[in-house]
Amino acid sequence: MSQAVLEPDAAAARGMDLLRFATAGSVDDGKSTLIGRLLFDTKTIFEDQLEAVETASASRGDEYTNLALLTDGLRAEREQGITIDVAYRYFATPRRKFIIADTPGHIQYTRNMVTGASTADLALILVDARKGLVEQSRRHAFLTSLLRVPHLVLCINKMDLVDWDKAVYDKIADEFTSFAAKLDAPDLTIIPISALNGDNIASRSDKSPWYEGPSLLHHLEHVHIASDRNLVDVRFPVQYVIRPQSTTVTDYRGYAGQVASGILKPGDDVMVLPSGLTSKIASIDTADGPVEEAFPPMSVTVRLTDEIDISRGDMICRPNNAPAVAQDIEAMICWMDETAPLRVGGKYTIKHTTRTARTVVRGLQYRLDVNTLHRDESAGELGLNEIGRVKLRTTVPLLADEYRRNRTTGGFILVDESTNRTVGAGMIIEAR
Amino acid sequence: MSQTKPYRVSHLDALEAESIFVMREVMAEFERPVLLFSGGKDSIVMLRLAEKAFAPARIPFPVMHIDTGHNFPEVLEYRDRRVATLGLNLVIASVQEAIDTGLVRELPDGTRNRIQTPVLLAAVEKYRFDALFGGARRDEEKARAKERMFSFRDEFGQWDPKNQRPELWSLYNGRHHPGESIRVFPLSNWTELDVWHYIAKEKIELPSIYYAHEREVVERSGMFYAVNEFIKLRDGETSEVRQVRYRTVGDASQTAAVLSDADTVDKVIDEVAATRITERGATRGDDRVSEAAMEDRKREGYF
Ligand SMILES: Nc1nc2c(ncn2[C@@H]2O[C@H](COP(=O)(O)OP(=O)(O)OP(=O)(O)O)[C@@H](O)[C@H]2O)c(=O)[nH]1
Ligand SMILES: [Mg+2]
């Protein structure tokens with residue numbers, strides 16, 4: 001195989017920003033191959049990795065080097081030729097460092113796709129040009145919009161197998177665009193590619209003179225992500241209280257956490273929830289010294305001017321801009337347990353920001369058909385990989401925002417109290 | 001329009017913030033965490049992150065070294081000095097002792113990578129550790145690339161790759177029954193190059209063997225092993241003195257050096273950025289055994 005044009009640069013000049021993206025789409029649409037191709041074309045593949053993949057491909061009798069083997073790292077995945085769980089891979093260009101989550105297309109492993117997409121800034125949804133949109137493409141597109149991944153790229157793949165026919169591209173693009181309109185999907189870009197041959201991946205291909213947009217890599221490098229973060233609503237979930245037991249540092253009491261949103265500054269008036277007590281920020285500390293401002297995703301330690309009782313699970317916000325203090329939660333839930341469905345009356349542990357509580361399912365308003373987006377209001381339960389709108393009541397208040405406004409203070413997980421498994425992912429619609 | 005500030009952090013700062021978040025989560029939710037400290041660069045970076053996560057307080061958990069008995073003296077010296085400076089409690093779980101008491105048996109080839117797993121598990125049981133920080137990175141190996149930040153292990157320390165807990169956003173589920181535990185990998189999203197950039201940025205001291213030095217080595221299947229008490233010349237082999245450095249530090253009987261003249265952090269960064277071979281591929285005899293060697297070891301309870 002010959003290496004493509006791109007120079008990797010002294011990959012990590014220190015000041016680059018970070019883009020996290022996830023793949024999505026149905027089985028065999030070429031997600032892992034695409035990631036292999038991106039890694040290959042950015043010269044991220046090491047010689048010994050490529051050799052191992054070439055040997056593995058040859059011993060399986062593949063006609064060409066199967067780049068999917070670069071990410072399909074588990075024995076079972078290589079045996080079956082499918083992705084089972086997320087693989088995380090990394091590459092950098094002079095402009096950005098990328099964290100890739102290559103997720104499985106198989107419906108059985110939807111929860112692993114959700115795992116990969118939950119933290120993504122951008123999702124690549126692949127479609128096989130020969131097959132067009134299938135139910136699983138719609139399910140994944142829906143999930144990325146539910147998870148509010150801010151940027152979507154529809155990659156119409158395997159264009160080599162349809163002779164780069166523009167009509168095929170147009171038809172799928174139109175169909176997806178009208179489906180996406182129903183999802184209030186954010187920023188959408190559509191690119192015709194061949195993951196196998198590397199067309200429109202690292203550079204624009206002459207096979208598609210009719211396509212005028214950017215190559216995939218160019219888009220990944222330039223997509224504007226800075227304004228995706230919420231810098232307006234100050235939300236600082238307290239993780240841990242730092243109180244040195246030391247003779248040199250005395251009377252130190254700092255609230256450690258990661259800024260979920262907003263900008264904090266010393267001198268700011270703050271309110272602490274759930275108590276509602278107010279104070280001022282005395283200083284924002286880090287191990288490298290105090291800082292003048294803290295914003296996402298910084299991990300810092302906040303000190304206040306007043307001695308108030310604050311512990312893990314509390315939230316520092318602003319007096320005039322606070323989350324709801326709520327025990328009644330309405331949320332979309334993606335159910336992830338194969339052993340038992342979600343049912344009304346079910347009790348779970350709920351984990352939300354740094355707070356853990358118990359919760360009971362008060363109602364199931366509807367189950368959603370991801371293909372048609374039809375709402376089934378007579379549904380009695382949510383089975384594995386099903387999505388629905390539920391009402392929950394919690395034992396203690398959550399300090400919550402709508403998920404669409406804040407991915408950190410609007411998301412939660414449900415944990416089964418006997419098996420300890422993570423069984424549900426929730427996105428808050430309303431908190432009272 | 002008024003000019004707005006960018007409010008951006010570099011990727012290295014973002015990685016640091018994520019790792020610190022993870023360490024604080026563990027400290028807040030577990031009863032007996034421990035940090036696995038081998039004296040290798042990843043565990044050294046992890047220790048620095050722990051220092052930063054809890055400052056100005058001390059690191060609130062002990063560190064543990066699984067001592068295979070096959071050590072580089074520079075690394076042991078570094079370990080003891082670091083632990084003393086930070087005022088940490090060091091637990092040593094000795095493979096040699098485990099061989100002597102019959103817990104494990106020395107393998108015919110004398111390698112100790114595989115037999116350290118039962119030693120690790122016995123120490124976890126003895127001290128009832130419920131969370132173990134490991135310095136593994138996902139970019140190291142294809143099975144590691146699949147593992148969660150919080151990796152659930154059953155009462156035998158085993159990883160079940162086909163049955164991992166979903167891990168959404170930064171909501172880590174560390175719940176477990178007595179006897180079970182969680183392996184936590186704060187450096188999951190770091191690459192080898194990120195680690196080196198961080199070492200440079202933080203001016204972190206490393207054991208000297210990470211930088212180019214002269215050493216008597218023997219070449220075996222393209223890898224350069226130090227000739228010492230663990231690696232003796234076999235019939236027909238000759239040794240030579242070469243300029244080398246270590247890219248990883250593992251069991252001294254199985255870790256190879258690479259030819260290098262990078263004797264400063266900046267030169268190492270340039271070298272790592274230009275290298276065409278993975279760090280494990282270049283230095284670890286143990287990974288060459290089979291395609292799924294790492295996955296198999298993890299299933300048995302290895303890191
Ligand atoms: N001709 C052609 N074949 C492709 C292309 N992309 C992928 N393939 C082939 O499609 C098959 C499936 O590719 P994968 O990359 O494993 O698909 P996937 O989407 O990762 O599948 P799952 O992860 O199991 O959902 C492989 O045989 C690939 O070689 C393409 O652009 N053109
Ligand atoms: Mg795949």
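**The interface of domains 1 and 3**

Reply: The model is predicted. Eight residue pairs, both members at pLDDT 80 or more, are in polar contact across the interface of domain 1 of chain A and domain 3 of chain A.

Me: Which elements give two or more residues to the side of domain 1 of chain A that touches domain 3 of chain A?

Reply: They are α4 (110-117), α5 (135-146) and α6 (166-182) of chain A. The largest share of that side, six residues, is from α5(A). By class, the residues of this side are 12 nonpolar, four polar and seven charged.

Me: Why is the pair A:Glu338 and A:Arg111 called a salt bridge?

Reply: The closest N and O atoms of A:Glu338 and A:Arg111 are 2.8 Å apart. The cut-off between a side-chain nitrogen of Arg and a carboxyl oxygen of Glu is 4 Å, so the pair qualifies. The count between domain 1 of chain A and domain 3 of chain A is one salt bridge.

Me: What makes 23 residues of domain 1 of chain A count as in contact with domain 3 of chain A?

Reply: They count because contact means heavy atoms within 4.5 Å. On the side of domain 3 of chain A, 16 residues take part.

Me: How much area do domain 1 of chain A and domain 3 of chain A bury between them?

Reply: The buried area is about 1700 Å², with 59% of it on carbon and sulfur atoms. In domain 1 of chain A, the residues losing the most area to domain 3 of chain A are A:Arg111, A:Leu146 and A:Arg148, together 38% of what that side buries.

Definitions and conventions. Residues are numbered from 1 along each chain as its sequence is written. Chains are lettered from A and ligands numbered from 1 in the order in which they are written. This is a predicted model: local features need pLDDT of at least 70, side-chain atom pairs count only at pLDDT 80 or more; totals for chains, interfaces and linings use all residues. Side-chain values use heavy atoms; hydrogens and water are left out. Buried area is the accessible area (1.4 Å probe) that two parts lose on being put together, summed over both. A polar contact is a pair of N or O atoms within 3.5 Å; within protein, one must be able to donate a hydrogen and the other to accept it, and residues adjacent in sequence count only if both atoms are side-chain atoms. Helices (H or I, at least four residues) and strands (E, at least two) are DSSP runs, numbered from the N terminus. Ala, Val, Leu, Ile, Met, Phe, Trp, Tyr, Cys and Pro count as nonpolar, Asp, Glu, Lys and Arg as charged, and the others, Gly among them, as polar.
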